[in-house]
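Have the sequence and the model open as you read.

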Amino acid sequence: MNELLRRLFFLPEQGSTFAVKVDHLHFVLLLTTLAVAVGIGAVGLFFLVRYRRRTASDATPRVVAAPWMEGLFIGVPLSLFLLWFVLGFQQFVWVMSPPQDSLDVYVTGKQWMWKFTYPGGPSAIDTLVVPAGRPVRLLLTSRDVIHSFYVPDFRMKRDAVPGRYTDLWFEAPKPGRHQVLCAEYCGLDHSVMRGEVVVLPPADFDAWQDARRRNLPVAALPGARTPESMAVRGERVAAAQGCLQCHTVTGAPHIGPTWLGLYGRREPLEGGGAVLADEAYLTESMMDPLAKVVAGYAPVMPGYHGRLSAEDSGALVEFIKSLRPLRPGVTAAEEPVYVPTGR
């Protein structure tokens with residue numbers, strides 16, 4: 001039935017688990033709307049025949065509806081709308097909550113291409129290779145204008161915005177190839193800004209990644225470049241940009257918060273409240289450090305918008321993520337928050 005309805009409504013292939021959920025909700029909406037439309041039309045036709053005026057002297061009959069009918073006419077549509085809201089909200093929460101074991105891939109949009117970078121290497125142009133049956137989280141940004149990463153087969157679309165990271169995740173249940181489009185007009189060659197998601201069996205994906213890391217050619221999947229760990233690159237960027245003059249990687253307090261165990265920790269903010277130190281917050285702090293100042297620290301950090309490329313900011317995030325607490329059995333979330341005094 002699912003495949004029949006998909007073809008009936010001219011929908012593309014269901015290439016992800018999310019696509020199946022979206023299509024099922026789509027089918028419910030369309031079939032319910034169709035049933036209601038047919039019902040209204042049938043009732044209207046019945047009234048047209050049953051209560052039509054037969055002679056010029058016929059009086060219009062008075063029809064009084066029972067109270068239960070008024071409740072029915074109000075309750076049924078309201079219940080349907082509430083049901084659609086609940087189903088849609090459940091899907092929204094599900095798609096906005098990436099699984100903990102997701103494979104992270106950094107995606108950079110640029111006029112007019114997509115670049116995909118794996119934290120442990122390698123990187124590729126216009127070809128995203130992922131394993132089947134494993135959740136994949138995409139961290140999207142742009143180097144120039146707003147782009148929109150759109151995979152019709154996955155029923156997912158998310159903007160890539162300069163100076164910040166947005167994310168979305170998917171899981172492709174079976175091997176295959178799926179087209180990537182840019183759904184935001186981004187300039188002269190917007191229509192040719194295309195890519196491809198290649199879903200491989202897990203063993204083949206591991207072999208592909210190992211080959212790319214060794215810089216061996218894989219003829220079937222062109223576009224890869226010489227791999228480099230993003231965390232290693234991030235350490236070099238941190239040293240070159242002077243980040244380590246204010247932030248330590250040992251847990252010791254300094255001018256800025258320590259980077260040891262920072263990722264995944266909730267940081268208290270000046271003026272109250274707290275923020276989760278995830279990719280979005282870390283990137284925002286690089287580009288606009290005064291937007292959310294950590295409690296106990298002076299707002300002295302300069303902004304790096306226009307000074308850091310998308311690749312460099314992503315590499316810095318991966319370097320910070322790699323700095324786990326040194327004490328055995330202590331997670332990043334359990335690492336104490338260091339608040340310096342007199343700074």
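Let's start with I255, which is partly exposed because its relative accessibility is 33%; here buried means under 20% relative accessible area, exposed means over 50%, and partly exposed is in between, using a 1.4 Å probe and protein chains only. This is a predicted model, so local features need pLDDT of at least 70 and side-chain atom pairs count only at pLDDT 80 or more, while totals for chains, interfaces and linings use all residues. Residues are numbered from 1 along each chain as its sequence is written, and side-chain values use heavy atoms, with hydrogens and water left out.

**Where I255 sits**
- You'll find I255 in the loop between α5 and β12 (266–268); helices (H or I, at least four residues) and strands (E, at least two) are DSSP runs, numbered from the N terminus.
- Between I255 and W114 there are 141 residues in sequence and 37 Å in space, C-alpha to C-alpha.

**Salt bridges**
- The structure has twelve salt bridges, each being a side-chain nitrogen of Lys or Arg within 4 Å of a carboxyl oxygen of Asp or Glu.
- R137 and E279 make one of them, with their closest N and O atoms 2.5 Å apart.
- That pair ties together distant parts of the chain, with R137 in strand β5 (residues 136–142) and E279 in helix α6 (residues 279–287), 142 residues apart.
- R137 counts as buried because its relative accessible area is 11%, and E279 is buried too, at 3% relative accessibility.
- A network of salt bridges links D104, R137, E279, E318 and K321.
- D312 bridges to R233, and here the closest N and O atoms are 2.7 Å apart.
- This is another link between distant parts of the chain: D312 is in helix α7 (residues 310–322) and R233 in helix α5 (residues 230–240), 79 residues apart.
- D312 is buried at 16% relative accessibility, whereas R233 is partly exposed at 26%.
- E267 and R265 form a salt bridge with closest N and O atoms 3.2 Å apart, and both residues are buried.

**Rings and charges**
- Searching the whole structure turns up 14 aromatic pairs; rings of Phe, Tyr and Trp (its six-membered ring) pair if their centres lie within 6.5 Å, and planes under 30 degrees apart count as stacked, over 60 as edge-to-face and the rest as tilted.
- F18, W94 and W169 are joined into a cluster by ring pairs.
- R307 has its charged end over the ring of Y304, 4.3 Å from the centre; a charge sits over a ring if NZ of Lys or CZ of Arg is within 6 Å of the ring centre and within 35 degrees of the ring normal.
- K321 lies over the face of Y263, 5.1 Å from the ring centre.

**Helix α2 and the annotated regions**
- An unreviewed UniProt entry lists residues 27–51 and 72–94 under "transmembrane region"; UniProt positions follow the numbering used here, feature names are shortened, and annotations may be inferred rather than shown by experiment.
- Residues 27–51 are 96% helix and 0% strand, with end C-alpha atoms 35 Å apart.
- Residues 72–94 are 100% helix and 0% strand, with end C-alpha atoms 33 Å apart.
- The buried residues of α2 are F18, A19, D23, L25, F27 and T32, and they pack against α1 (2–8) and α3 (67–95), with contact meaning heavy atoms within 4.5 Å.
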